[in-house]
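Here is a briefing on one protein chain. Look over the sequence and the fold before you read on.

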Amino acid sequence: MPTNRQVLLRSRPQGIPRAEHFELAETPLPPLQPGQFRIRNRFLSVDPAMRGWVSAVANYSKPVGIGEVMRAEAAGEVCETRHPEFAIGDRVTGYFGWQHYAVSDGTNVGWRVPPDFDLPLSAALGVLGMNGLTAYFGLLDVGQPKAGDTVVVSTAAGAVGSCVGQLARIAGCRAVGIAGGAHKAALCRDEFGFDAAIDYKGATDLDAALRDACPRGIDVYFDNTAGAISDAVAPQLNVGARVAVCGTASVSSWDPWPQGPRVERHLLVKRARMQGFLIFDYQPRFDEARRRLADWVRRGLIRYREDFLDGIDAAPDAIAGLYRGENLGKRLIRLDPY
């Protein structure tokens, strides 16, 4: 029986988790108990939210414990089973962690991938996984776009942002992306179909660049960053605008709490709404979203990119790489050729 290679949390980071905060371990595979099955992971997800999962600061989920396997979504197939409802060869996704093998009783399975699923399994962690679901519910339910609206999204070349822009176009909106670097801005326009894209790193005047890209103001802002980018968006919100708060990637630490411009006056005089959301609140509707997203992918209305790192040895530095802006698309750890 093979052993299990795992990535464990070694120490609690202050800010962005880096390679030194993790360690690799190799452990024997435990025997299965009745009602359990074993998953051979093929792809491990890397997400900005992982920074919050290892933080000691209060978050929406319990922090990963020191010495525990790093929490992560993964996709793989059942390779051994003592569970009556899961057969060898079944493909599943779930919070199986950064490891080659996981044991489950079914409660942490997020999606039983249908046998006739005709897209790559890796897509189940990206455009049809938490990234696509986040874009879908954050834009369509929280942002409530209407045909003719101008929709602005930050980190627009990323796995969530690129999907948001394409969903905005499907809804009949003008999609404007904000991304870091000329190449990422061009990717938004040329590959993901944004009407306009701004390179915030190269813009000498972000306020002016936004005014040029959004001559009729901003009706919906999908906020992945907080910070200076969101500060530049706020003055250009239209009356009745909606702001969907998805992430705060630009803030390196919330201890001490950062100070900055106040948004309340913009919300007041423009009768605008700012709402945070967590994707887990929409779990009863995941199947609905996956069906629609998969249909749009098959029809060519949504395109996606994947950024693969090969081997579990690449995992410890993978989160920091996200915050360095290294990835183009959904970042995944590929454990085996697939």
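Trp 53 is buried, with a relative accessible area of 4%. Here buried means under 20% relative accessible area, exposed means over 50%, and partly exposed lies in between (1.4 Å probe, protein chains only). The model is predicted, so local features need pLDDT of at least 70 and side-chain atom pairs count only at pLDDT 80 or more, while totals for chains, interfaces and linings use all residues. Residues are numbered from 1 along each chain as its sequence is written, and side-chain values use heavy atoms, with hydrogens and water left out.

**Aromatic pairs**

- Rings of Phe, Tyr and Trp (its six-membered ring) pair if their centres lie within 6.5 Å; planes under 30 degrees apart count as stacked, over 60 as edge-to-face and the rest as tilted.
- The whole structure holds 10 aromatic pairs.
- One of them joins Phe 22 and Trp 98, with ring centres 5.7 Å apart and planes at 55°, so this pair is tilted.
- Phe 22 sits in strand 2 (residues 22-27), while Trp 98 is in the loop between strand 5 (91-94) and strand 6 (101-104). The two are 76 residues apart, so to speak from distant parts of the chain.
- Helices (H or I, at least four residues) and strands (E, at least two) are DSSP runs, numbered from the N terminus.
- Phe 22 is buried at 4% relative accessible area. Trp 98 is buried as well, at 0%.
- Trp 53 and Tyr 95 form an edge-to-face pair, 6.0 Å centre to centre with 70° between the planes.
- This pair also links distant parts of the chain: Trp 53 is in helix 1 and Tyr 95 in the loop between strand 5 and strand 6, 42 residues apart.
- Tyr 95 is partly exposed, with a relative accessible area of 28%.
- Tyr 136, Phe 137, Tyr 282 and Phe 286 are linked by ring pairs into a cluster.

**Salt bridges**

- Side chains of opposite charge can pair when their charged atoms come close.
- A salt bridge is a side-chain nitrogen of Lys or Arg within 4 Å of a carboxyl oxygen of Asp or Glu.
- The count by this rule is 18 salt bridges.
- Among them is Asp 47 with Lys 330, whose closest N and O atoms are 2.6 Å apart.
- Asp 47 lies in the loop between strand 3 (37-45) and helix 1 (50-53), and Lys 330 lies in strand 15 (residues 330-334). This pair links distant parts of the chain, 283 residues apart.
- Asp 47 and Lys 330 are both buried.
- Asp 317 bridges to Arg 324, with the closest N and O atoms 2.6 Å apart.
- Glu 326 also forms a salt bridge with Arg 324, and here the closest N and O atoms are 2.7 Å apart.
- Relative accessible area is 30% for Asp 317, 41% for Arg 324 and 44% for Glu 326. Each of these residues is partly exposed.
- Shared partners join Asp 307, Asp 317, Arg 324, Glu 326 and Arg 331 into one salt-bridge network.

- Six strands form an open sheet in the order 10-9-8-11-12-13, with parallel pairing. Two strands pair if DSSP finds at least two bridges between them.
- Strand 10 (196-199) and strand 13 (273-276) stand at the edges, each with a single partner strand, so one side of each has no neighbour in the sheet.
- From one strand to the next, the twist averages 15°.
- Strand 8 and strand 9 (residues 174-179) run parallel and are joined by five bridges. Ser 154 has Ile 178 as its bridge partner in strand 9.
- Helix 4 (residues 182-190) lies across strand 9 and strand 10, at about 170° to strand 10.
- Helix 5 (residues 206-213) lies across strand 8, strand 9, strand 10 and strand 11 (218-223), at about 175° to strand 10.
- Axes are lines fitted to C-alpha atoms, for helices over the stretch in contact (heavy atoms within 4.5 Å). Angles run from 0 to 180 degrees between N-to-C directions.

**Around Asp 149**

- Asp 149 lies in the loop between helix 2 (130-143) and strand 8 (150-154).
- Asp 149 is buried, with a relative accessible area of 8%.
- Beyond its neighbours within four places in sequence, Asp 149 is in contact with residues including Cys 173, Asp 219 and Arg 242.
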